[in-house]
Amino acid sequence: MSSTSFTLSPQHPLARYGWDEGFADAFTPYAAEGFVPGRIVRVDRGRCDLVVADETADDGVRTVHSDTSLVTTGDPLRIMCTGDWAAVDLTTGHVRALLPRRTAFVRSTSSQRSEGQILAANVEQALIAVPLSTDPDLGRVERFLALAWESGAEPVVVLTKADLVPDPAVLGHLLADTEAAAPGVQVFAVSAATGEGVDVLGAVLSGGTSVLLGPSGAGKSTLANALVGADVQDVQAIRDRDGKGRHTTTTRNLLPLPGGGVLIDTPGLRGVGLWDAEGGVSRTFSEIEALAAECRFPDCGHDSEPGCAVTAAISDGSLSPRRLDSYRKLLRENQRLAARTDARLRAELRREWKLRRAEGAYMVERKRGRSR
C-alpha cells in the first residue's frame, strides 16, 4: 500500500481520530514496508486495540487486536499507551513501531523507584474533573494543572456534579475559588445528570484529543457517557460511608465524540505525584513567579526578607497564603524527585561501569589463558 494512501484529506476515516499531515509524514517509511497506521484505543497485557482505516466498514474504520511484543520496552516512559499512533502489520497482527509523540501526560509512580508512568499520549487538552459532592481540593487541582502544563496539553478544569449545588451563589463562589487556583485556565461547572454545561464543554473539546483525569468518584465515566451521547462506560455509585468512589474504569479507553475529536477516559487516580514538572509548576503559579521577579533580592525566600513582593502581596490580600504554601510544596516535591532520579541514574551508571570492568577483566584473563 503506498504512503500516499495515508495523507490527510477531509474524508480520511482516521481524521476524526487525530490523523493529520504531521503524523502522515512520520508514517511514510512504515507505509513503504506495507504497514498501516492505527491509533491505540486500549492497552491490555501485551496486546492492544487499535482503530485502522477500512474502506469496507460503514464509518470507514475498524478495530483490530494486535500483539505488542515487538515494541515492548523496559522503559516505563516508552511503553505504548492509549493515544499513541502506531505502525501495524495486519498480516502478522503485530505492532511494529510507535510514531513520535507530540505530548505525553506523565505522573510519578507511587513506588520508591522514582519512575514515571505515562497516562495518555498525543493529547491536546487535559480535563481535570473535580467533583462538587465535596469541597474542591484546590491543592489537588493545582497538582493536576502542573502536570497538564508540563505535558504540553492545555488544561481545562471541570467541576462535575453541579446539580448537587443548587444555590447559584454558592456555585458561583466555588467557580471563583477554582478560577483563582487556575489562572489562565477555562473552568466549567457541569452536571451529567441534568445535562447542564455538557453541550458547551463538548463544543470546546470538538476536533481534538482530550484526556479525562481525576479521582475515583469524580463522575468521569458519567461525564464521558454524556459527552459521547451513549452509555459506553460503566458507572457505579459512590460509597455512602465516606462519599468516595469505586474504581469503575480500569483501563484507559479512547472514545470518539459525536462533534468530532476523541476523549480518553482514565481510571481514578489515588496518587498524583509530580514528574519533572518544574515548568508546569511555574505555569500554574505564574502570578507568584511574576511577583518573585520584583523582589529586591534574586534569591528571596519570600519569608521575612525586606523588599519581598510576594509577602507584600499576601499582606495586601492580592495573594492568598494557601496559594504560596501550595507553590512551595510542589516545588519541594519536584526537587526531591529530581534528586532521587539523579541518584538512581548515578547508581545505574555505577552498576554499568562495574559490569563493564568485570567483563574487561574476564576478557584479559581469557587472553592470558590462551597465551599460556
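Visitor: Which residue follows helix 2, with a phi that is positive?
Guide: This is a predicted model, in which local features need pLDDT of at least 70 and side-chain atom pairs count only at pLDDT 80 or more, while totals for chains, interfaces and linings use all residues. Residues are numbered from 1 along each chain as its sequence is written, and side-chain values use heavy atoms, with hydrogens and water left out. Helices are DSSP runs of H or I with at least four residues, and strands are runs of E with at least two, numbered from the N terminus. The residue after helix 2, with a positive phi near 100 degrees, is G152.

Visitor: How many of the 14 residues of helix 2 are buried?
Guide: Buried means under 20% relative accessible area and exposed over 50%, with partly exposed in between (1.4 Å probe, protein chains only). Among the buried residues are F144, L147 and W149. Helix 2 is mostly covered, and its buried residues number eleven.

Visitor: Within what arc do the buried residues of helix 4 fall?
Guide: In helix 4 (residues 198-205), the buried residues are V198, L201 and L205. They line one face of the helix, because seen down its axis, by the directions from that axis to the C-beta atoms, they fall within an arc of 65 degrees.

Visitor: Which residues are exposed on the other side of helix 4?
Guide: The buried residues of helix 4 are covered by elements including strand 9 (154-160) and helix 5 (220-228), where contact means heavy atoms within 4.5 Å. On the other side, the exposed residues are D199 and A203.
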